[in-house]
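Have a look at the structure first, then read on.

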Amino acid sequence: MNDPTIGYCDVEDVENSRSYIDELYSDDAYKCQEAIVCLKNAVIGSNKKKGSVISQGIVPRLIALLRDESKDYALRLDAAIVIGSLAKGTESQVHSLIYYETVQVLLGIVVNPGTDRRLMETCLGALKTVLQYPFAPIELLHSNIGNLQRLIQLASPSSSIQCQEYVANIFVPLCHSSHQQKNLCQANVIPFLARLMTTQLTVLQVPALKCLAAMCFTNKYVSDAVCQTCHEERSILDILTVLLSRTRDVQIQLSASRCLTYLHRSGSLRADDYRIVYKTLPSLARLCSEDFDEDTRATAAETLAYLAEIDSELQRLAAISNHLICSLANLIRCPSPLSRQGAFRCFASLAANDEDIRKRIIEMEGLMEEVLNGLKDTCPEVRLSAVRCLHSLSRSVQLLRTTFQDHSVWRPLMDLLVGEPSLELLTVVTSTICNLLLEFSPAKEPMLESGAVEMLCELTKHSDPALRLNGSWALMNMAFQAEQHVKSKIINTLGTDRIFQLLGDADERVIMKTLGLLRNLLSNTLHIEIIMSEHSSEVLRAVNLVLDGPHPPEVKEQALIIISNITAGARDKDYVLEDENIIKKIREFLVVSDNKLQMGAVFVVRNLMDKSGRQKMLRESGILENLEQLLHMTPRDSQFYEDIRQEILRFDFSDEH
C-alpha cells in the first residue's frame with residue numbers, strides 16, 4: 001500500500017516547521033514537550049499546516065508517543081490532542097490517519113480501564129471524528145462486542161456530557177448492515193439510547209435518535225426490540241411520540257419522525273397506528289413547509305416519501321396534510337440537490353396509486369417542466385428521483401394521453417438509457433417506458449421509430465431479473481393490439497431462442513410476462529395465421545415447455561390461453577390437434593382439481609369444437625370422455641362448476657360420419 005502522505009508537502013511550510021518537528025523526535029523530554037506544544041498550536045484551524053506536517057511523516061511519531069505509557073502523561077495527552085486536530089482536517093488527511101492504524105490505537109486506549117479520564121475523552125473525541133467518514137474501519141468496533149459495551153460504560157450518567165455525546169455520535173455510523181444493527185442491539189445499545197433521549201439535552205438526544213433510526217432501518221429484529229424496550233416505565237414509542245412536539249428542537253422532531261417511520265416500514269408498527277397517522281405523518285408534512293430551513297424540509301420530504309411509499313391511505317392523508325403539495329412544489333425549485341431529490345421522491349410516493357392526487361400534482365404551475373429539468377440534472381440522485389416521479393405519474397391514462405404527449409416525455413427518458421446508467425436508474429426508466437408503451441399511449445409509435453424494440457430486446461438479456469422483467473413486460477405492452485409489422489419486428493428482433501430462454505427464466509414474473517407477450521402476438525386471426533405459418537414449431541415448443549415445467553397453475557393458465565387463441569384463430573391447419581403432448585395435457589387438465597387449469601382446458605376444447613370435423617378426433621383422443629366425466633362431477637365450488645357446465649352444454653357430443 002502506498003504512503004498516502006506523498007503529495008502534501010509545501011516547501012515553505014516544511015521549512016517553517018522543521019525546527020519543532022525535529023525536536024519532536026528528541027530523547028529530551030522537555031524538548032519533545034515543547035515541540036509538541038508548538039505543533040499543537042500550529043495545526044489548530046489550519047488544514048494547510050495539517051497537510052504540511054502529515055507530509056513529513058509525523059503521524060507514526062504521534063502514535064508512538066501516544067501508545068508509550070512510559071512517556072510523560074502531558075506528552076501523551078498533547079499527542080492525542082494533535083491527532084484529534086488532524087482528524088478535523090480534509091478527507092485525504094483523515095485517510096492518512098487511518099493508513100497508520102490510528103483508529104486501532106485510539107480504540108485500544110479508550111477501552112482500556114486503566115486510561116486516565118481526560119486522555120480517554122480526548123481519544124474518544126478523535127475517534128468520533130474519524131468514524132464519521134464512510135471509509136473508516138468501523139468493523140474494528142464490531143470485532144468484539146466488548147468494545148461496544150465498554151463504550152456504553154464510559155458514557156454512564158455520571159460521566160461528562162461531552163463523553164456521552166462522543167459515544168452517542170460514535171454509534172451513529174456503526175449501523176451499515178443488518179449484522180451491525182443486530183450487534184448493537186445485542187450490546188444493549190437500545191436502553192442506552194433510550195436514556196439519552198430523555199435527558200432533555202439536545203446535544204445528546206439528536207445523536208441518540210439518529211442512531212436509533214439507523215438501527216431500525218429495514219431491520220424487523222431490531223425494530224421489534226425497540227418497540228418492547230422501556231426506560232423508567234415509559235416505552236420508547238411513547239418517548240418518541242412526545243419528542244414530536246412542536247416545542248422541541250426541530251432536529252429532535254425530525255429525528256424522532258425518522259425513527260417512527262423506520263419502525264413502521266420495518267413492520268413493527270402498523271400503518272394505522274395513531275403514532276403514524278396522527279403524529280408522525282402530520283409532523284413530517286409540517287416540516288416540509290417554508291417555515292423551516294432547506295435541509296430540514298428536504299430530509300422531511302424524503303422521510304415522508306418513505307413513510308407513505310407502500311400505503312395508499314397514508315398517501316391520501318399526506319396529500320391533504322398541511323398544504324403538502326404546495327410545499328413540495330416550492331421545495332423542488334430550491335437550489336440544493338437534496339431539496340429537489342426529496343421533493344421528487346415525495347411526489348413519486350404520493351402519486352403512486354391515486355388518480356386525483358396525480359391530477360393535483362400535475363396541475364401545479366410549471367411542475368412538468370421541473371420534472372423534465374430533473375431528468376437532465378447533473379446530480380444522479382436528482383435524476384433518479386425525477387424518474388421515480390414520472391413513473392408514478394405515468395400510471396395515469398389521462399396524463400399519458402395529454403401532458404406526457406404534450407411534453408414528449410419519452411425523448412428524455414430514452415436519452416437516459418444512453419451511456420452507462422446505474423442499475424437503479426435503468427430499472428425505474430424502463431418501468432416508466434413500460435407504461436408509455438401501453439396501447440392507448442400516443443408515445444408508442446414515435447418510440448417504435450426510435451429503436452425501442454431493439455433496446456427492449458437487448459434488455460431481456462440483462463443479468464438483473466428486474467430488467468429482464470421490464471424488457472419482457474414492455475414488449476408485451478408493445479405487442480398489445482399492435483399491427484402485424486410491429487409483431488413481426490418483435491419476433492424477428494427478439495428471436496425464438498431468446499423466447500425459450502425467457503420461458504425458462506428463474507424468475508416466475510419474467511415467464512408470466514413472456515407468456516403475455518406470446519398471447520398478445522397471437523391475438524388476431526390474421527396475425528395468428530401469419531405467425532403460425534412461419535413459427536408454428538417454435539410457438540408450440542414454447543407452449544409445451546411451460547405445460548411440462550414445474551410451474552404453478554397461474555403460469556400454465558397463460559399457456560392455455562395462448563393455445564385457446566391459436567385454436568380460435570388458425571383456419572388453415574389444426575396445429576393444436578396435431579400436437580400429441582398438448583392434447584394429452586388438455587385431457588389431464590379437464591379432470592384435475594385446479595379451477596384455473598380446468599376452465600382453461602374447457603375453453604381450448606370449446607374453440608376446437610367450434611369448427612366442424614373435429615368431434616371424432618376429440619372423442620378418439622379421450623377429451624370428450626373427460627368432458628362428460630367433468631359434466632357429471634359433484635360440484636365442490638357451485639358457481640365455478642355451473643360456469644363450466646354452461647360451457648360444456650354448448651358442445652355437440654354426437655359422432656360425425
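## The largest pocket

Three helices, α22 (337-350), α25 (380-393) and α29 (423-436), each put at least two residues into the lining of the largest pocket; helices here are DSSP runs of H or I with at least four residues, numbered from the N terminus. The top contributor is α29, with 5 residues. A pocket is an open set of points on a 1 Å grid over the protein atoms alone, with protein on both sides within 12 Å along at least five of seven lines, and lining residues have an atom within 4 Å of a point.

This pocket holds about 400 Å³ of space. Of its 16 lining residues, E309, R388, H391, R395 and V428 sit closest to the centre.

This is a predicted model, where local features need pLDDT of at least 70 and side-chain atom pairs pLDDT 80 or more, while totals for chains, interfaces and linings use all residues. Residues are numbered from 1 along each chain as its sequence is written, and side-chain values use heavy atoms, leaving out hydrogens and water.

## The second largest pocket

Next comes a space of about 310 Å³. Its lining takes two or more residues from each of α14 (202-216), α17 (250-265) and α19 (294-308), and α17 gives the most, 5 residues. Among the 13 lining residues, V172, K210, S255, R258 and T299 lie nearest the centre.

What is the volume of the largest cavity? About 90 Å³, a cavity being a set of points where a 1.4 Å probe fits but cannot get out. Its biggest lining share, 5 residues, comes from α36.

Note on methods
Points joined across faces, edges and corners; volume = space filled by probe spheres on them.
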